[in-house]
Amino acid sequence: MSELALFGGKPVRSTPFPAYKTLGEEEKAAAVRVVSAGVLSDFIGRDGPRFGGGAEVHALEAEWASRFAVKHAVSVNSATSGLYAALGAVGLEPGDEVVVSPYTMSASAAGAFVYGAKPVFADIDPETFCITAKTIEPVLTKRTRAILAVDLFGHPIDATPMMELAKRHGLLVIEDAAQAAGSTYHGKAAGTLGHMGVFSLNVHKIIQAGEGGIVVTDDDRLAERLRLVRNHGEVVVRDRKITENADIVGFNYRMTELEAAVSREQLKKLDRFAAGWTENSECLQKALSDLPGLRPARLAEGCTSVYYQLAVHYDATAMGVHRDVFIDAMRAEGVPLGQGYVEPLYYQPLYEKRHPGDPAYRRGACPIAESMWSERLINMSLIHASMTRKDLEDVAAAFHKVVEHRRELLA
Ligand SMILES: *Cc1c(COP(=O)(O)O)cnc(C)c1O
């Protein structure tokens, strides 16, 4: 009779792990304040003080800009909207190209299509999971206008060489920091490393308001364009005597007062939550450090991470079994592991449909991203700030148990 729960043994953990909780009395009071005031959104799509939204939206933007030491914070109703607004602010035209990561949430790559532009994939670095100057440079063409780089799993992009490359080629860099609120790069906040940075406030992120997003920039012109994209910009440009940016088509990407009020309270707690994510992840990394075949991904020099996902490299040769068999055994022990995050985005039918036969979208285009997804990476969204010491010990105990009994998996 096997010890492993996969073959009928007693699982290490038989109760679910805690959900990540961020909301408290402060958010409740904020929501009550807004509902009592009776104004759930205070945007109007015409020129005037309310073109930029209501009191809570304005306050959130000022507080966000101050916390992240940026000139402008433009709130939107999701990070997806924020990414699309940033691409609109770039001024993409049909046929332009945007260099993106294949290994990320789908909206970070698909946004180029909104403007008739083409997403071009650069492979990821195997340690940080981000695209880098080295992987971006070979895919640049005369049509490249922008780089959209993701701080994947909370690890900041290597911004210094990327910004130098962008400068040399006259490109704008959009940083997708949806997973990285609280991470830093040589002392600078993730999200503030490119020309524009995008944060998410959706329910799954480090801080949240159900849905929501923030775009930050130090550039006045880009900030104006972002605000025009957010709120039907074509209506206001004449009254505002805007000529240079009069070509913009606006959307409705407006954040509600309710989301803004909740986000303000969440922002006050960001540092505390971020520290909890980092501490718990580092605690588990230590507990796994002496296991053969498993190696937590290393932080690049000068970086801190909130470890939105904890990434662990899996070595099938050392372990003797395929990653997916190992993951099945861990899940049977009551520990839900991720199976390599997402498939490379160019596997989605969308890309072949838009550009039939294009070699850039063929399997094999980004071999590192492909191998992480198919066999080399274990990712964990489980290790968040609401995990207790006992929860972390159970996760570590399951890893140790499965590694110790791995020969049983060979049969
Ligand atoms: C969550 C996420 C988004 C999208 O965020 P929404 O606010 O849900 O639109 C974009 N990029 C990355 C990397 C994300 O993790």
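Over which ring does the charged end of Arg13 sit? The notes below take this up, with the other contacts.

1. **Basis.** This is a predicted model: local features need pLDDT of at least 70, side-chain atom pairs count only at pLDDT 80 or more, and totals for chains, interfaces and linings use all residues. Residues are numbered from 1 along each chain as its sequence is written, and side-chain values use heavy atoms, with hydrogens and water left out.

2. **Charges over rings.** The ring in question belongs to Phe17: the charged end of Arg13 sits over it, 4.1 Å from its centre. The term requires NZ of Lys or CZ of Arg within 6 Å of the ring centre and within 35 degrees of the ring normal. Arg363 does likewise with Tyr347; here the charged end is 3.7 Å from the ring centre.

3. **Aromatic cluster.** Tyr347 also belongs to a cluster linked by ring pairs, together with Phe113, Phe121, Tyr346, Tyr351, Tyr361 and Trp373. Rings of Phe, Tyr and Trp (its six-membered ring) pair if their centres lie within 6.5 Å; planes under 30 degrees apart are stacked, over 60 edge-to-face, the rest tilted.

4. **A stacked pair.** The count of aromatic pairs is 20. Phe251 and Tyr253 are stacked, because their ring centres are 4.9 Å apart and their planes lie at 5°. Phe251 is partly exposed, at 28% relative accessible area. Tyr253 is buried, at 8%. The cut-offs are under 20% for buried, over 50% for exposed, and in between for partly exposed (1.4 Å probe, protein chains only).

5. **Strands 2 and 3.** Strand 2 (residues 97-100) pairs with strand 3 in the parallel sense, over 4 bridges. Pairing needs at least two DSSP bridges. Phe121, a member of the aromatic cluster, is the bridge partner of Val100. In strand 3 (residues 118-121), Lys118 and Val120 point one way, Pro119 and Phe121 the other, and all are buried. Helices (H or I, at least four residues) and strands (E, at least two) are DSSP runs numbered from the N terminus.

6. **Cysteines.** There are 0 disulfides, a disulfide being a pair of cysteine sulfur atoms within 2.5 Å. The sulfur of Cys303 has its closest cysteine sulfur in Cys130, 8.5 Å away, too far for a bond. Cys366 is in no disulfide either; its nearest cysteine sulfur, that of Cys130, is 14 Å away. Cys303 is buried at 10% relative accessible area, and Cys366 is buried at 1%.
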